[in-house]
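Me: I have a model open and would like to go through how its features get their labels. Could you take my questions one at a time?

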Amino acid sequence: MRKARTLARQLAERYSYRDPQRYWNARHARHRSGLEGVGCISIGQQANEADYDTKWRHLHASLSKAPGGSRLLDAGCGNGFFMERAARIGFDVEGVDFSPVAVDLARQRLGNAVPISVGPLDRFRPARSYDVVMCIDVLFHVVDDDIWRATVTNLARMAGRELLIQDHLVDAAAICAGHTSTVVHCRWRTLEMYCEALPDWELVDHDVYELPCERETKDLLKFVPKR
């Protein structure tokens, strides 16, 4: 019975991800402010809370090196979990997500005074630039390589001083061998692919850590403009 339910869920995901925005709207509507909507859907709320506490500790350690009052864009902000915490430590935050449902949830969390836009990350054109742009656990959900590359380029265009990206990276051998995600809405990439997509940026920090419950490694990358 469990195998049948798992197969049914995988088939439903595969069908629904033909329209990614529709998939994420439905997922956010189902889980609302719960972390299953933005995290790992299969481990439950409590385990996701432990994993997100770990994510925030590592992200906080990186963000704490930036000056207070810096303008920060959370690209792919989801329900606003990281935006809210960045605001608490002194950042002037804004957010963008391509899911209108996610943006509504983020506005409920942060209030209408915080600018949060609906838009695709590869084509979002804000009215101002930002000191810091962060994109946390978003880009591996962009399964089309051309859209992924355009998204990375656009994130760099908006970032004035720092670009923070979190992903789950693999090596080139794993991709050649076909050892990539079996989940239809994930596409693993390599560090080299990021560096090639950001030729005018320098990787200055690479924090690799493991989530305690999902037991998956995360790669938090910090890029700065090359001098």
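Me: Which residues does F82 touch, leaving out residues up to four places away in sequence?

Reply: F82 touches Y52, K55, W56, L59, D74, M134 and I136; a contact here means heavy atoms within 4.5 Å. Please keep in mind that this is a predicted model, where local features need pLDDT of at least 70, side-chain atom pairs count only at pLDDT 80 or more, and totals for chains, interfaces and linings use all residues. Residues are numbered from 1 along each chain as its sequence is written, and side-chain values use heavy atoms, with hydrogens and water left out.

Me: Why is F82 called buried?

Reply: Buried means under 20% relative accessible area, exposed means over 50%, and partly exposed lies in between (1.4 Å probe, protein chains only). F82 has 8% relative accessibility, so F82 counts as buried. Its place is in helix 4.

Me: What makes helix 4 mostly covered?

Reply: Six of the eight residues of helix 4 are buried, namely F81, F82, M83, E84, R85 and A86. Their cover includes helix 3 (44-63), strand 1 (71-75), strand 2 (92-97), helix 5 (100-110), strand 3 (116-118) and strand 4 (130-136). As for the names, helices (H or I, at least four residues) and strands (E, at least two) are DSSP runs, numbered from the N terminus. Just after helix 4, G90 takes a positive phi of about 105°.

Me: How far apart are F82 and A106 in sequence and in space?

Reply: F82 and A106 are 24 residues apart in sequence and 10.0 Å apart in space, taken C-alpha to C-alpha. For the chain as a whole, residues 24 or more positions apart account for 63% of the contacts with a separation of 6 or more.

Me: Why does N25 count as buried?

Reply: N25 counts as buried because its relative accessibility is 19%, and the limit is under 20%. This residue lies in helix 2 and touches S99, P100 and V101, not counting residues up to four places away in sequence.

Me: Why is strand 5 described as largely enclosed?

Reply: Seven of the nine residues of strand 5 (residues 159-167) are buried, so the rest of the structure largely encloses it. Strand 5 runs parallel to strand 4, and six bridges join them. V132 stands opposite E162 in strand 5.

Me: What makes a space count as a pocket?

Reply: On a 1 Å grid over the protein atoms alone, a pocket is an open set of points with protein on both sides within 12 Å along at least five of seven lines, where a cavity is a set of points where a 1.4 Å probe fits but cannot get out. Lining residues have an atom within 4 Å of a point. The largest pocket is lined by 32 residues, of which W24, F98, V138, H141 and V142 lie nearest its centre. Helix 2 (20-31), helix 4 (81-88) and helix 6 (145-158) are the elements that give two or more residues to this lining, with helix 2 supplying the largest share, four residues.

Me: How much of the chain counts as buried?

Reply: Of the 227 residues of the chain, 50% count as buried. The chain has eight helices and seven strands.

Notes. Pairing = 2+ DSSP bridges.
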